[in-house]
Amino acid sequence: MGAIQALSGVQARRIALSAQGFGDPRPAGVADMRSLRRVVGRTGLFQIDSVNVLTRAHYLPLFSRLGPYPVELLNRAAYSAPRRLFEYWGHEASLLPVHVQPLLRWRMADAEAVAWGNMAQVFRDRPEFVAQVRADVAAQGPISAGQMQDRHGGRTRKAGPWWDWSHVKLALEYLFWAGEVTTAARRGFERMYDIPERVLPAQVLATPTPDRDQAQRELLMLAARSCGVATARDLRDYYRLPAADAKARLAELVEDGALLPVTVQGWRQPAYLHPQAKLPRKVDARALVAPFDPLVWERERTERIFGFRYRIEIYVPAHLRVHGYYVLPFLLGEDLVARVDLKADRQAGVLRVQSAHAEPGAPQRTGRELAAELESMAGWLGLSAVSWAGAAQLGPLPS
């Protein structure tokens, strides 16, 4: 697509949906590693979150784009050789393609200055303790924080208070931020730590470290590819770049012609278009979108693109929630047309629809299409049925 000086809101929405993979057809058969690579090539990363009321957050973006897929596919990519994904701070805690690791080494090098609170305090107060934790991971890994504390706490009474779980965990988190250890596996949701040399592919570790400015330019270009069209804030937020750095790097990319300045009808801020962004004639998607999906994780962008005000209410007291605890927007065609609060009741074997709300102007087929997607999700989660509690606003449902 050539340079465009002005886009309508509808065009921007189609570009954004296409960039995120919602214009791609779902696999005709069982999704495979090629399908996963295509999706992560669109999204750039999968955000990790501990909430498990439905399923872990990093599994959901693939379902949204591929439909039912074997979750072992993502587990293999992330935690088995040959390693295709690795865990690090991307947007938040994320699974990222291994080839992105060199682009994040500047963040690893900044660990002492930017790691949060107690994590950095442990390093400043007891660098020798952190170094010992790293040495023990090298000697004993893969190992969890709990296993490490048990081994050291049981050695001798001289192990002392620095070997309690909280300090061990903080030291490991600092080392993780600094790139000195990484996640080798997950046991349940618990991280098993090991050194990068035993986890990441040798060719990734051997890749020369780009300078900070070049790495940030490449991260902004990856963000632009995943957004299609975006404001400066959208691009900076995607990989959580420092504001001053992102502003300078963005100006350089525009000057070099790598990003195209555009205006979007209804957007107050200037926008930037990736030169390879696709503008489809229409998008005909049907997907349940997770709260931590990159399509909607930046709430102001979601409202700007879709006219859809979305707030996650996990931390809101139950009596003050408007839409529910774990609410997924429902994408139909090119619009977010409903939102549904879901819970996987594994003991009863059902997917519970705690509440469902249609957006103003949602088409009559919304309820029917949502029901079909929920049935698909229930089967993917290994649940036998969908139990509805709040379908009244959604129009006709299948009998």
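**Sheet with β1**

I started with the open sheet of 4 strands, whose order is β1-β8-β9-β7 with mixed pairing. Two strands pair if DSSP finds at least two bridges between them. β1 (6-7) and β7 (229-230) each have a single partner strand, so one side of each is left without a neighbour in the sheet. I then looked at β1 and strand β8 (residues 260-264), which pair in the parallel sense over 2 bridges. L7 has V264 as its bridge partner in β8.

**Ground rules**

I noted that this is a predicted model, where local features need pLDDT of at least 70, side-chain atom pairs count only at pLDDT 80 or more, and totals for chains, interfaces and linings use all residues. Residues are numbered from 1 along each chain as its sequence is written, and side-chain values use heavy atoms, with hydrogens and water left out. Helices (H or I, at least four residues) and strands (E, at least two) are DSSP runs, numbered from the N terminus.

**Sheet with β2**

Next I looked up the open sheet of 3 strands, in the order β2-β4-β3 with antiparallel pairing. Its edge strands are β2 (46-47) and β3 (85-89), and each pairs on one side only. I found 2 bridges joining β2 to strand β4 (residues 93-97). F46 has L95 in β4 as its bridge partner. Helix α4 (residues 72-79) lies across β2, β3 and β4 and runs at about 75° to β3. Axes are lines fitted to C-alpha atoms, for helices over the stretch in contact, and angles run from 0 to 180 degrees between N-to-C directions.

**Hairpin β5-β6**

Strand β5 (residues 182-187) pairs with β6 in the antiparallel sense over 5 bridges. T183 stands opposite Y193 in β6. The hairpin has 2 residues between the strands, and G188 takes a positive phi near 70°. I checked cover too: 4 of the 5 residues of strand β6 (residues 190-194) are buried. Buried means under 20% relative accessible area, exposed over 50%, partly exposed in between (1.4 Å probe, protein chains only).

**Helix α8**

I took helix α8 (residues 127-140) next; its 14 residues reach 20 Å from first C-alpha to last, close to the 20 Å expected at 1.5 Å a residue. The expected span is 1.5 Å times one less than the number of residues. F129, V130, V133, D136 and V137 are buried in α8. Down the axis of α8, the buried residues fall within an arc of 120°, so they line one face of the helix. The arc is that of the directions from the helix axis to the C-beta atoms. On the other side of α8, E128 and A139 are exposed.

**Helix α7 and its neighbours**

The axes of helix α7 (residues 117-125) and α8 come within 5 Å and cross at roughly 105°. That makes α7 roughly perpendicular to α8, a label for 65 to 115 degrees; under 35 is roughly parallel, over 145 roughly antiparallel, and the rest oblique. V122, F123, R124 and D125 in α7 meet P127, F129 and V130 in α8. Contact means heavy atoms within 4.5 Å.

α7 also packs with helix α10 (residues 165-177) at about 95°, their axes 8 Å apart. α7 contributes N118, M119, A120, V122 and F123 to this contact, and residues of α10 in it include H167, L170 and W177.

**F292**

Is F292 buried or exposed? I read 15% relative accessibility, so F292 counts as buried. F292 sits in the loop between β10 (285-288) and α15 (299-306). Not counting residues up to four places away in sequence, F292 touches Q47, D49, A57, W297, I312 and Y326.
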